[in-house]
Amino acid sequence: MSALKNALRGALYRAGLIQLYFRAVEWRLARGQEAPPAADAHGVPIPPLNLMALTVAYADWKAFLRMGEATAAALDGHASAAGLPFSSAARILDFGCGAGRVIRHLPRMTQAALFGADYNETLLSWCAANLPGEYARNRLAPPLAFPDAHFDILYALSVFTHLREATQRDWLREYARILTPGGLALISFHEETQPGFPETETARKAMTGTGLYVLNDMAEGSNLISTFQTRAHLEALAAEYFEIARIVPRAESGVGQSLAVLRRKPA
């Protein structure tokens, strides 16, 4: 069944109709789910179910709020352990902000100026209209429209999990450009321990060889493509611009994936 589904998705992608597939998945996930109230307990608007489904592949508004808050707290904890808590930052960037699952919770944690960027214009437009902060669309590849050394902290959740190696390298270079020296980049990634890693000989050989395996290599930047890599591979990609503060295993990260805590090297 999985092979048939992948073949269908591939055919839709080649025909330029993959957006129809995405909309059908979002509709299926949102169908029959409890509609959210207009705002949460703090008065912050809640996105519609289809945008939740597009962001996190489920349409449970209570889980969306609960897990977003837990993720924000986890990121702050890892940043604090690296010597730079969210409360000490002047500017924070949520790269790949989606429907604002995490950034919506930050005003209660920090006085930092908040910024979001996303590849999806629909998600970004909703955030810009409903959440605190400034929002700017990014393309699949850099640059971003921010000056050098602009941010103290940035985090990118479920971004590198959908990018090829060359694109990851380009974004690491761009992250280094927009971070202050000593600033932190918190980047989630899939190791081979991530649920969904294909237990095939091809995948295992790639991970032991190059340290990277791309599953369903199509529609880069979308949820169709899944990238898995070893810790050593990510460390090598980041080494030119970043010191490795810590690689946090998925079981300990609090974000559902392994997490690289990177510190921008001095200029």
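**View 1. The crossing of helices H3 and H5 is left-handed.** In a left-handed crossing the near helix is turned anticlockwise from the far one by less than a right angle; clockwise would be right-handed. This is a predicted model, in which local features need pLDDT of at least 70, side-chain atom pairs count only at pLDDT 80 or more, and totals for chains, interfaces and linings use all residues. Residues are numbered from 1 along each chain as its sequence is written, and side-chain values use heavy atoms, without hydrogens and water. H3 spans residues 49–56 and H5 residues 121–130. Helices are DSSP runs (H or I, at least four residues), numbered from the N terminus. The two pack at about 120 degrees, with axes 11 Å apart. Axes are lines fitted to C-alpha atoms over the stretch in contact, and angles run from 0 to 180 degrees between N-to-C directions.

**View 2. Residues where H3 meets H5.** H3 contributes Leu-51, Leu-54 and Thr-55. H5 contributes Thr-122, Leu-123 and Trp-126. Contact means heavy atoms within 4.5 Å. By class, the contact has 4 nonpolar, 2 polar and no charged residues. Ala, Val, Leu, Ile, Met, Phe, Trp, Tyr, Cys and Pro count as nonpolar; Asp, Glu, Lys and Arg as charged; the others, Gly among them, as polar.

**View 3. Cys-97 and Cys-127, each in no disulfide.** The structure holds 0 disulfides (cysteine sulfur pairs within 2.5 Å). For Cys-97, the nearest cysteine sulfur is that of Cys-127, 4.3 Å away. Cys-97 is buried, at 4% relative accessible area. Cys-127 is buried too, at 0%. Buried means under 20% relative accessible area (1.4 Å probe, protein chains only).

Conventions: Buried means under 20% relative accessible area, exposed over 50%, partly exposed in between (1.4 Å probe, protein chains only).
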